[in-house]
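Here are some notes to read alongside the model. Keep the structure open and find each residue as you go.

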Amino acid sequence: MTTVAIFVDTQNVYYTVREAYGKQFDYRRFWARVTANREVVTARCYATDKNDPKQRGFQNTLRTIGFEVKLKPFIQRADGSAKGDWDVGITLDAIEYAALADVIVLVSGDGDFDLLAKKIREVHGKRVEVYGVPKLTANSLIQAASQFIPIEGDLLLG
């Protein structure tokens, strides 16, 4: 059976799906699709923690589906901007699991991950599937992936 490691840039997915469609990502349908006939080695969602009850409920839903939720504190800077970026954490975990899984699934439109996708394909010889909102996913990431799967249609809630 094909093994899969799943990495979800939760903040990126939330904001791009909301901006493009005014809807939410259907994590349950995504899980059913991406894990069909595959053995899950790891499945991780990366998010910031604002210590909000609604957010905690969402995180518990993700855990119920089968995801490990990795949290980083939400940091509000003095100038009003915020920090809660998981790019390095996602990259380190994906590189680690590239040796253990046949397929790496990355859910993000962030072009910073194009180097990661290329590295996993070229160095580890693994398939990299990228899920993202078509009009908000960096072209460089789409090109670096083995396959780009658009987040649209049945992967949307609402």
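1. Start with a definition. On a 1 Å grid over the protein atoms alone, a cavity is a set of points where a 1.4 Å probe fits but cannot get out. A pocket is an open set with protein on both sides within 12 Å along at least five of seven lines, and lining residues have an atom within 4 Å of a point. Grid points are joined across faces, edges and corners, and a volume is the space filled by probe spheres set on the points.

2. Know what you are looking at. This is a predicted model, in which local features need pLDDT of at least 70, side-chain atom pairs count only at pLDDT 80 or more, and totals for chains, interfaces and linings use all residues. Residues are numbered from 1 along each chain as its sequence is written, and side-chain values use heavy atoms, with hydrogens and water left out.

3. The cavity. How many cavities of 30 Å³ or more does a search of the whole structure find? The search finds one. The largest cavity holds about 30 Å³ of space. Its lining is made of Phe-7, Ala-94, Ile-104, Leu-106, Leu-116, Ile-120 and Val-128. Strand E7 and helix H5 are the elements that give two or more residues to this lining. Helices (H or I, at least four residues) and strands (E, at least two) are DSSP runs, numbered from the N terminus.

4. Val-128. This cavity-lining residue sits in strand E8, residues 127–132. Val-128 is buried, at 2% relative accessibility. Buried means under 20% relative accessible area, exposed over 50%, and partly exposed in between (1.4 Å probe, protein chains only). Beyond its neighbours within four places in sequence, Val-128 is in contact with residues including Ile-104, Ala-117, Ile-120 and Ala-145. Contact means heavy atoms within 4.5 Å. Ala-98 is 30 residues away along the chain, yet its C-alpha atom is 9.5 Å from that of Val-128.

5. Helix H4. Its twelve residues, 87–98, should span 16 Å at 1.5 Å a residue, and its end C-alpha atoms are 16 Å apart, which agrees. The expected span is 1.5 Å times one less than the number of residues. Which residues of H4 are buried? They are Asp-87, Gly-89, Ile-90, Asp-93, Ala-94, Tyr-97 and Ala-98. Down the axis of H4, these fall within an arc of 160°, so they line one face of the helix. The arc is that of the directions from the helix axis to the C-beta atoms. An α-helix has 3.6 residues a turn, so residues three or four places apart point the same way. The face of H4 turned away from the buried side carries exposed Val-88 and Leu-92. Among the elements covering the buried residues are strands E1 (2–9) and E3 (38–49) and helix H5 (114–124).

6. Helix H2. Tyr-27, Phe-30, Trp-31, Val-34 and Thr-35 are its buried residues. They fall within an arc of 105° seen down the axis, so they line one face of H2. Asp-26 caps the N-terminal end: a side-chain oxygen lies 3.2 Å from the backbone nitrogen of Arg-28. Thr-35 has a relative accessible area of 14%, and its side chain reaches the backbone oxygen of Trp-31 at 2.6 Å. A polar contact is a pair of N or O atoms within 3.5 Å; within protein, one must be able to donate a hydrogen and the other to accept it, and residues adjacent in sequence count only if both atoms are side-chain atoms.

7. Helix H3. Its buried residues are Gln-55, Gln-59, Leu-62 and Ile-65. They lie within an arc of 115° down the axis, so they line one face of H3. On the other side, Pro-53, Lys-54 and Thr-64 are exposed. H2, E3 and E4 are among the elements that cover the buried residues. At the start of H3, a side-chain oxygen of Asp-52 reaches to within 3.1 Å of the backbone nitrogen of Lys-54.

8. Two loop residues. Most residues other than glycine have a negative phi. Asn-37, in the loop between H2 and E3, has a positive phi near 60°. Asn-51, in the loop between E3 and H3, also has a phi near 60°. Asn-37 is exposed at 69% relative accessibility, and Asn-51 is exposed at 57%.

9. The largest pocket. Its volume is about 610 Å³. The lining has 22 residues, of which Tyr-14, Gln-24, Lys-54, Gln-55 and Phe-58 lie nearest the centre. Helix H1 (10–21), strand E2 (24–25), H2 and H3 (53–65) each give two or more residues to the lining.
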